[in-house]
Amino acid sequence: MNPRENVMAVYRGQQPDYYGDLMAAVEFIPDPFFVRDALLPQDGQEYQDSWGTVRVFLPGAPGPHPHITRDNVVITDIEKWEEQLTVPSLDSLDWSTARAAAAQIDRNEKLACFFYPGGLFERSHFLLGMEDALMAYLEYPDEMKALLRVIADHKMVYIRKVAEETQPDIIFYHDDWGTKQNLFLPPKVWREIIKPLQQEIADTIHDCGMIYMHHADCILEPIVSDLVEIGVDIWQGVIAQNDIVKIQAITQGKLAMVGGIDGPKIDVENITEEQIRAEVRRAVDSYCPGGRFYPSIPNGICFREWNNGIVMDELANYGREYARNNPVA
């Protein structure tokens, strides 16, 4: 099997040649907004994105982050959000790079994947600042519903434009809804404000003939049934702090998952090669029996080169051995 065939075999619950990271079988189509807003020089200077949020890329940091202060926050008063928010236009985007990247992907071998960060929750705290956003979800739910309605409508128009311009196989939608300990919002609040709009976004992705892969490298265990209801096809970023075996039982094969290897546990100094290999084998042995599972490091790689090389080697070898010794019934 080639990479695409193997990934789709796991996705369909069929026998693969090996178990491994789904992300190794995708080629990315660049998001024009992301290219414009987040591919910043690593100089520690402030840059404003399309929604008005200030970002910085500090030397030594893994990527750019919002740098929100009382002086530069976009929405200073949630009750006046309509006066303070400027929704970016889609008319001036340059799709030439995205179209060229999409055209170069051999779709017989790989899956074309559109990287789409900045989901509803993430955009809300980019606009308000994290603390004020969290308080607004609790104290001003009607205003937050109205704000997210506008953001969601913009996203759905954009997703249809993405499909028209590049027709990806997968929309790789990012929205971290929690931490390694819990959700950011109480499940009731998430269900009331975010879930209905996320359902519409999922429906739009499916209407365009694409797979909806949701990245959230955090705890989502309290809302996994909701992910199935919404129509999330693949959850990428499943950290081991979730009870993954329990989640597989709850979702009954309706949610493919990518992750499971405890990256922070093995991406450290003073660890042995065998300890790293054992963690990879633990993830494969624990989660692949549940089906539709792609063992991987949830955030993609170990940052330490030596550690990462061992992970990739063990996953390549043991993932194939496991598939050979444990055929799908």
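Q: Over how many bridges do β1 and strand β5 (residues 111-116) pair?
A: This is a predicted model, in which local features need pLDDT of at least 70 and side-chain atom pairs pLDDT 80 or more, while totals for chains, interfaces and linings use all residues. Residues are numbered from 1 along each chain as its sequence is written, and side-chain values use heavy atoms, without hydrogens and water. Strands are DSSP runs of E with at least two residues, helices runs of H or I with at least four, numbered from the N terminus, and two strands pair if DSSP finds at least two bridges between them. For β1 and β5 the sense is parallel, and the count of bridges is 4.

Q: In β5, which residue is the bridge partner of Phe-28?
A: Phe-28 has its bridge partner in strand β5. That partner is Cys-113.

Q: In what order do the 7 strands of the open sheet lie?
A: The edge strands, pairing on one side only, are β1 (26-29) and β10 (293-296). The pairing is parallel, and the order is β1-β5-β6-β7-β8-β9-β10.

Q: In which loop is Asp-175 found, and with which side chain does the side chain of Asp-175 make a polar contact?
A: Asp-175 lies in the loop between β6 and α8. A polar contact is a pair of N or O atoms within 3.5 Å; within protein, one must be able to donate a hydrogen and the other to accept it, and residues adjacent in sequence count only if both atoms are side-chain atoms. At 2.9 Å, the partner side chain is that of Trp-177.
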